Amino acid sequence: YSLSFVALFSAFATMGINSIIVKDMVEKAYCLKEIIGSSILIRSIGAISAFLGVVISSYFLVSGKNERYFISILSITYFFQLFSFLECFYQAKMKNKVISVANICISFLSVSTKLVALYLNSPLIIFVFLYVIDSILQFITFYYLLTRDIDKLRDLTVNIEYVKSIL
């Protein structure tokens with residue numbers, strides 16, 4: 001139930017701009033750092049909006065204290081989805097192998113830990129935290145891939161006009 005509730009707000013977190021970002025990254029490779037920097041800003045605003053929306057609406061719509069607690073923890077995953085648009089970027093650049101290997105490793109680790117937790121009859125909160133850890137691992141992986149392929153991450157810039165044109 002908690003995961004479904006959090007998923008309802010995921011459109012706000014991604015802002016529905018993945019395909020636009022990827023198209024611009026491919027067509028306008030000369031301003032890649034500007035596009036990535038602006039995209040991270042947009043996704044950060046979306047993550048904050050989704051997080052606040054989930055927490056506030058769960059306060060009014062969910063009666064159980066534990067459910068609200070689980071929903072709040074799960075909504076933290078919005079912040080770890082900032083770089084998920086890179087998956088589409090690598091696919092557009094025909095570098096599917098990089099993303100596929102990373103996703104397979106994360107999935108294997110995720111399933112393994114959840115099976116162990118299931119075998120140990122772990123409480124539900126453990127599974128909630130394992131879901132959050134999955135998002136953190138994906139964030140770390142995409143961050144690593146980004147820093148590996150982009151020379152200086154600190155040189156990312158934000159173009160307000162570009163942000164306005166996407167939104």
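The dialogue below goes through confidence, salt bridges, aromatic pairs and a surface patch in a predicted model.

Q: What is the mean pLDDT of the protein chain, and which elements have the lowest and the highest values?
A: pLDDT is the predictor's confidence in each residue, from 0 to 100, and where pLDDT is low, the predicted coordinates should not be read in detail. In this predicted model, local features need pLDDT of at least 70 and side-chain atom pairs count only at pLDDT 80 or more, whereas totals for chains, interfaces and linings use all residues. Residues are numbered from 1 along each chain as its sequence is written, and side-chain values use heavy atoms, with hydrogens and water left out. The protein chain averages a pLDDT of 84, and 96% of the residues score at least 70.

Q: How many salt bridges does the structure hold, and which residues are joined into one network?
A: Side chains of opposite charge can pair when their charged atoms come close. The term salt bridge is used for a side-chain nitrogen of Lys or Arg within 4 Å of a carboxyl oxygen of Asp or Glu, and the structure holds 3 of them. In one, Lys114 meets Asp134 at 2.7 Å, N to O; this pair links distant parts of the chain, with Lys114 in helix H7 (residues 96-119) and Asp134 in helix H8 (residues 124-149), 20 residues apart. Salt bridges that share partners join Lys23, Asp24 and Glu27 into one network. Within it, the side chain of Lys23 meets Asp24 at 3.7 Å and Glu27 at 3.5 Å. Lys23 and Glu27 both lie in helix H3 (residues 18-27), 4 residues apart, about one turn of the helix.

Q: Which of Lys23, Asp24 and Glu27 are buried, partly exposed or exposed?
A: A residue is called buried under 20% relative accessible area, exposed over 50% and partly exposed in between, with a 1.4 Å probe and protein chains only. Lys23 is partly exposed at 44%, Asp24 is buried at 7%, and Glu27 is exposed at 54%. In the pair between H7 and H8, Lys114 is partly exposed at 27%, while Asp134 is buried at 14%.

Q: How many aromatic pairs are there, and what is the arrangement of Phe51 and Phe79?
A: Rings of Phe, Tyr and Trp (its six-membered ring) pair if their centres lie within 6.5 Å, and planes under 30 degrees apart count as stacked, over 60 as edge-to-face and the rest as tilted. The structure holds 6 aromatic pairs. The rings of Phe51 and Phe79 have centres 5.6 Å apart and planes at 55 degrees, so the pair is tilted. It links distant parts of the chain, Phe51 being in helix H4 and Phe79 in the loop between helix H5 (65-74) and H6, 28 residues apart. Phe139 and Tyr143 are stacked, 6.3 Å centre to centre with 20 degrees between the planes, and ring pairs link Phe80, Phe139 and Tyr143 into a cluster.

Q: Which residues form the nonpolar patch on the surface?
A: Patches are made of residues with over 30% relative accessible area and no salt bridge, like charges being joined within 9 Å and nonpolar side chains (Val, Leu, Ile, Met, Phe, Trp, Tyr) within 5 Å; accessible areas come from the Shrake-Rupley method with a 1.4 Å probe, and for residues only the protein chains shown count as cover. Here Ile48, Leu52, Ile56, Tyr59, Phe60, Leu61, Ile76 and Phe79 form the patch, with about 830 Å² of accessible area together. Leu52 is found in helix H4 (residues 32-61) and is partly exposed at 44%, and Phe79 is partly exposed at 31%.

Key
Helices (H or I, at least four residues) and strands (E, at least two) are DSSP runs, numbered from the N terminus.
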